[in-house]
Amino acid sequence: MDPLILIFLSSGLFLGWALGANDAANVFGTAVGTKMVRWRTAAIICSIFIILGALISGGGTTHTLGKLGAISALPGAFMTALSAALAVYSMTKSGLPVSTSQAIVGAIIGWNLFSGNPTDTSTLTKILSTWIICPVLSAIIAVTLFKMHKFTSKRIKIHMIMADAYTRLALIIAGALGAYSLGANNIANVIGVFIPGEPLPDLQVGTFIFSSTQQLFLLGGLAIALGVWTYSKRVMMTVGNNLGRLSANAALIAVISHSIVLFMFASRGLEAWLAGNGLPTIPLVPVSSSQAVVGAVVGISILQGAAGIRWSVLGKIVVGWVVTPIAACATCFFGLFFLQNVFGLVVQ
Amino acid sequence: MGLNLFRRTKQLEQQIDGFFDKLSESSVVYRLAVRLYLREGLTEEFQERLERINTLESEADDLRRSIEKQLYSDTLIPDSRGDVLGLIETVDQLMSQFEGSLWALSIEKPNIPDEYVNGFRKLTNMVVKAADELALSGRAFFRSPYDVPAHNHKVMLYEKEADAISTKLKTEIFASDLELAEKLHLRDFVEQIDSVADLAEDVADRLAIYAIKRIV
């Protein structure tokens, strides 16, 4: 295998690492921050289920990103992923909530602009609409679950200590589901741009043959897992402060809502079932894990009288929505110009 | 992790229930002991009741320490841990008050004239009712916080009633021909018994806030 391929893949792996470092906190942040679940337990579960989600259900969202811009040249994919990673990094440094999904979409459009490829407007509209739908849907699910929780907790009299044990168990299960959904939904952000180029030769292990795409899914999953293990602890410990004070039960509901939404936007099975029953389908699009969680928290806060909403955080999120894709798009455009004209690499 | 967590959880749940059992039992023993003193003075049976309440108080102390240790070492109920510890410590003070009040009777052996016996009996009944209702409120806090306000309301009613009885009793004592020293001695005992209801009300006030925090 050409070692240059690994250098080109490194930007995607860097993006995967950043995703693992930041978004694992959306899944297990409150559980670890409130000491309901140990960080080590969270990291193990998170890593395993992110990789499983990426391998088993990562295909759907990857296909949608591919439709937005099929980057066939490896240097082009490298710069696209690097631009997204740089946008994520700089936004995180500026303290703005960031979405890898938005960054990669912006970067792909940057590649389209540079290479003169038309951007598929129907796919773009589909993706843009999910950026609004995702937090709203997450808020609606959270409100419904919260009301159901209140209704049942008034009627089922479980001892506080036993309820605490159930909540811990539920946080772990919801975290596992959340990690699976994160892997399934967001793996496309990490390695989606490399897939059309098929950079890796088939790998034979025993009787199994792994295609380039399968290897990329695994590599992307491992990069996310590495991000979880090396950097997520700090983010998990502070996630509570970012979102405001949440009770363990409210946090659990926020994580479940986030996981359901991410799963809905990644599940081919659900899409097939909806289509089979003549219902409108949910687009398979990588959505923002952070925005799903924030949507759920805002939903619960509104239900409790909106006093707990931190409007400054909400304002930053709106800024992030606009700035992230534009920054990634501009970086990608100029980065590609640089690669093509300074290094003489074929980027399209 | 799962099975071990649930086994330890069950044990802790039993200890908390056991702690409130001690409060309920203490209030029954206290009532019997004071009524016995009012009826027969310092008898062997009274000393047995006093020993029983000592044992209950020290068992409750052991339970309190064990509960506190487990809550912290197993990092359980992080949201409510401080509230639970506060609750258990103040309930423990209430049990100490039962014990202290009986010790005072045993040591100081106040002479309670017949005309005040009924007042003391009524006061004791009322403070014990407040403590009993508080035990129910404490149990409700752990299982159904929505029921706490109803129990607390009763604690407040009993406390007010106990205050009214104690005021009436003190007025009667100071209007009597007793020596000032006797009057002051009797007043101390009225206040000592009444302070059980006051403490119960303080704990109920805390519980009201803790319950709201659990419900929201």
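## Cysteines

In chain A, the sulfur of Cys332(A) sits 7.4 Å from the closest cysteine sulfur, the one in Cys329(A), so the two are too far apart for a bond. Cys332(A) comes out as buried, with 0% relative accessibility (buried is under 20% relative accessible area, exposed is over 50%, and partly exposed is in between, using a 1.4 Å probe and protein chains only). Count disulfides over all chains and you get zero, a disulfide being a pair of cysteine sulfur atoms within 2.5 Å. Cys134(A) is in no disulfide either, as its nearest cysteine sulfur, in Cys46(A), is 17 Å off. Cys134(A) is buried too, at 1% relative accessible area.

## How to read the numbers

This is a predicted model, where local features need pLDDT of at least 70 and side-chain atom pairs count only at pLDDT 80 or more, while totals for chains, interfaces and linings use all residues. Residues are numbered from 1 along each chain as its sequence is written, chains are lettered from A and ligands numbered from 1 in the order in which they are written, and side-chain values use heavy atoms, with hydrogens and water left out.

## Aromatic pairs

Over all chains, the whole structure holds twelve aromatic pairs. Rings of Phe, Tyr and Trp (its six-membered ring) pair if their centres lie within 6.5 Å; planes under 30 degrees apart are stacked, over 60 edge-to-face, and the rest tilted. Take Phe14(A) and Trp17(A): their ring centres are 6.2 Å apart and the planes are at 15°, so this pair is stacked. The two are three residues apart in helix H1 (residues 3–33) of chain A, about one helical turn. Helices here are DSSP runs (H or I, at least four residues), numbered from the N terminus. Phe14(A) is partly exposed at 30% relative accessibility, and Trp17(A) is partly exposed at 26%.

Over in chain B, Phe141(B) and Tyr210(B) have ring centres 6.1 Å apart with planes at 55°, so that pair is tilted. Phe141(B) is in helix H4 (residues 114–143) and Tyr210(B) in helix H6 (residues 180–215) of chain B, so the pair ties together parts 69 residues apart in sequence. Both Phe141(B) and Tyr210(B) are buried. Ring pairs also join them with Phe19(B), Phe20(B) and Phe142(B) in a cluster.

## Charges over rings

Elsewhere in chain B, Arg81(B) lies over the face of Tyr72(B), 4.8 Å from the ring centre.

Side chains of opposite charge can pair when their charged atoms come close. The search finds 18 salt bridges over all chains, each a side-chain nitrogen of Lys or Arg within 4 Å of a carboxyl oxygen of Asp or Glu. One of them joins Arg143(B) to Glu13(B), with the closest N and O atoms 3.1 Å apart. Arg143(B) lies in helix H4 and Glu13(B) in helix H1 (residues 2–40) of chain B, so the pair ties together parts 130 residues apart in sequence. Arg143(B) is partly exposed at 28%, whereas Glu13(B) is buried at 7%.

With Glu68(B), the closest N and O atoms are 3.6 Å apart; both residues lie in helix H2 (residues 44–73) of chain B, four residues apart, about one turn. Arg64(B) is buried at 14%, and Glu68(B) is buried at 16%. Asp92(B) also bridges to Arg64(B), at 3.1 Å from N to O. That pair links distant parts of the chain, with Asp92(B) in helix H3 (residues 81–108) and Arg64(B) in helix H2 of chain B, 28 residues apart. Both Asp92(B) and Arg64(B) are buried. As for networks, salt bridges with shared partners connect Lys10(B), Glu13(B), Asp17(B) and Arg143(B).

## Where the chains meet

Between the chains, 22 residues of chain A are in contact with 27 residues of chain B, contact meaning heavy atoms within 4.5 Å. The buried area is about 2100 Å², with carbon and sulfur atoms giving 69% of it (this is the accessible area, 1.4 Å probe, that the two parts lose on being put together, summed over both). On the chain A side, His159(A), Met160(A) and Ile161(A) lose the most area to chain B, together 34% of what that side buries.

The rule finds one salt bridge across this interface. Lys157(A) pairs with Asp147(B) in a salt bridge, with the closest N and O atoms 3.3 Å apart.

Note on methods. Lys NZ or Arg CZ within 6 Å of the ring centre and 35° of its normal.
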